[in-house]
Amino acid sequence: MEEPYCTVCLAATAAVSILAINFIVKKLSGSFERNAVDNSFSNPLIGSVSLLSNNDSVLSREGVKDSIEGYEKLFSGARKEIGATTSKESVNLREKEYRTMVNSFYDLVTDFYEWGWGQSFHFAPRFKGETFNESIHRAEHYLALRTGLDASKKVLDVGCGVGGPMRNIAGFTGADITGVTINDYQVRVGNKYNALKGLDKSCRIVQGDFQKIPEYFKPNTFDVAYQIEATCHSPDRKVCFSGINECLKKGGYFTGYEWVVLPDRGYDPNNKDHVRIKEGIEVGNGLPTLATPEEIVKALEDAGFEVLDAYDANKNMHSNHEIAWYETLKGSLSLKGFRMTRLGRICTHLLVSTLEFVRIAPKGSVRVSALLNATALDLVEGGQKELFTPSFFFLARKK
């Protein structure tokens with residue numbers, strides 16, 4: 001009789017433990033608050049239980065699993081068969097379904113980006129002696145400098161995310177900035193941050209598709225437009241850039257940083273190892289396919305812009321004076337940078353796995369974490385071999 005009795009006791013203890021854990025977690029998640037100055041997910045306990053499950057979330061707990069499954073179908077064969085997602089059929093599918101792909105991607109990864117990165121979802125050239133955040137702000141301020149932003153200017157932020165760059169640029173220049181993102185969750189979160197930082201009069205985020213900019217804004221509305229690592233999601237950059245051109249005033253500037261592969265530095269589409277890295281970057285970042293610098297310049301010109309300047313802002317990343325952009329993903333074992341490191345990402349993945357196992361994190365959270373961990377390795381390898389840059393800078397003017 002002892003053995004069945006012990007089994008019942010163990011089962012009862014386990015059930016009570018899970019109930020107790022869930023009760024504690026609900027208390028912790030109820031303590032989650034948005035912070036426009038610091039990282040909202042800075043508290044490891046409160047932050048981790050709020051990933052993909054907080055008061056702003058648009059996905060139901062059951063919806064996370066469905067969303068990641070739908071996303072993965074758009075990259076069928078990724079990381080299993082080199083060339084599978086580079087095929088014309090695969091690329092055409094993602095171009096056709098780009099709205100679903102990009103929206104699903106950001107429903108899933110926005111919290112993880114904030115957890116490990118902050119509110120500005122981009123890379124930046126970085127000098128030695130410069131902190132990560134200083135480099136991020138400098139890259140954003142550089143766009144403002146090159147386009148002459150000041151308090152008299154009306155600006156469009158194309159693919160604005162949760163608005164980190166918008167708020168930094170508005171604070172730096174006093175400009176009035178409207179951001180567009182396809183993702184409803186980012187609209188909710190970003191406008192909340194705008195209000196918390198007292199910038200809701202000069203900064204606002206609207207939901208929209210940057211392939212259809214003229215549907216949201218009248219011609220000649222803005223003095224300047226910028227995008228930071230956003231239009232890499234576009235299925236047709238000429239269409240995207242043409243819409244931006246239409247809403248700019250004559251002589252208005254369009255600037256930004258674009259993700260590209262680098263044939264002039266060695267990327268070879270016939271090299272299977274290079275294709276493997278490229279496809280890994282695409283699947284982990286919701287991209288139809290990566291372009292080349294020449295294709296970006298041509299799309300700008302075909303859209304009615306005069307290209308004034310274009311270069312890789314990371315061209316000197318391996319000099320003695322700079323820290324390569326991908327080093328952030330390798331990270332340093334500091335308290336502040338730990339989450340960005342490979343070890344930090346592994347720890348986050350283990351934490352998410354545990355939370356999903358005990359049914360605290362939504363089912364599918366582990367697959368999202370694994371997706372981002374894998375693509376971080378591809379980004380590092382692409383950067384080390386100089387096959388890819390996330391910071392192809394361009395400055396263009398409406399004719």
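Which exposed residues does the face of H4 turned away from its buried side carry?

Analyst: Happy to walk through it. This is a predicted model, in which local features need pLDDT of at least 70 and side-chain atom pairs count only at pLDDT 80 or more, while totals for chains, interfaces and linings use all residues. Residues are numbered from 1 along each chain as its sequence is written, and side-chain values use heavy atoms, leaving out hydrogens and water.

The face you ask about carries Lys88, Glu89 and Lys96. Here "exposed" means over 50% relative accessible area, "buried" under 20%, and "partly exposed" in between, with a 1.4 Å probe and protein chains only. Helices (H or I, at least four residues) and strands (E, at least two) are DSSP runs numbered from the N terminus. H4 spans residues 88–96, and its buried residues are Ser90, Val91 and Arg94. Viewed down the helix axis, these fall within an arc of 95°, so they line one face of H4; the arc is taken from the directions from the axis to the C-beta atoms. As background, an α-helix has 3.6 residues a turn, so residues three or four places apart point the same way.

What lies over that buried face? The cover includes H5 and helix H10 (272–283), where contact means heavy atoms within 4.5 Å. Asp378 counts as buried because its relative accessibility is 7%.

A search of the whole structure finds 22 aromatic pairs; rings of Phe, Tyr and Trp (its six-membered ring) pair if their centres lie within 6.5 Å, with planes under 30 degrees apart called stacked, over 60 edge-to-face and the rest tilted. Phe123 and Trp325 form an edge-to-face pair, 4.9 Å centre to centre with 70° between the planes. A tilted pair is formed by Tyr257 and Phe393, with centres 5.9 Å apart and planes at 55°. Tyr257 belongs to S6 (248–261) and Phe393 to S9 (388–398), so this pair ties together parts 136 residues apart in sequence.

S6 and S9 both belong to an open sheet of seven strands, in the order S4-S3-S2-S5-S6-S9-S7 with mixed pairing; two strands pair if DSSP finds at least two bridges between them. S4 (203–207) and S7 (305–312) stand at the edges with a single partner each, so one side of each has no neighbour in the sheet. Neighbouring strands are turned by 20° against each other on average, direction ignored. Helix H9 (237–247) packs on the sheet, and its direction makes about 150° with that of S6; axes are lines fitted to C-alpha atoms, for helices over the stretch in contact, and angles run from 0 to 180 degrees between N-to-C directions.

For the whole protein, the count is 14 helices and nine strands, with 54% of the 399 residues buried.
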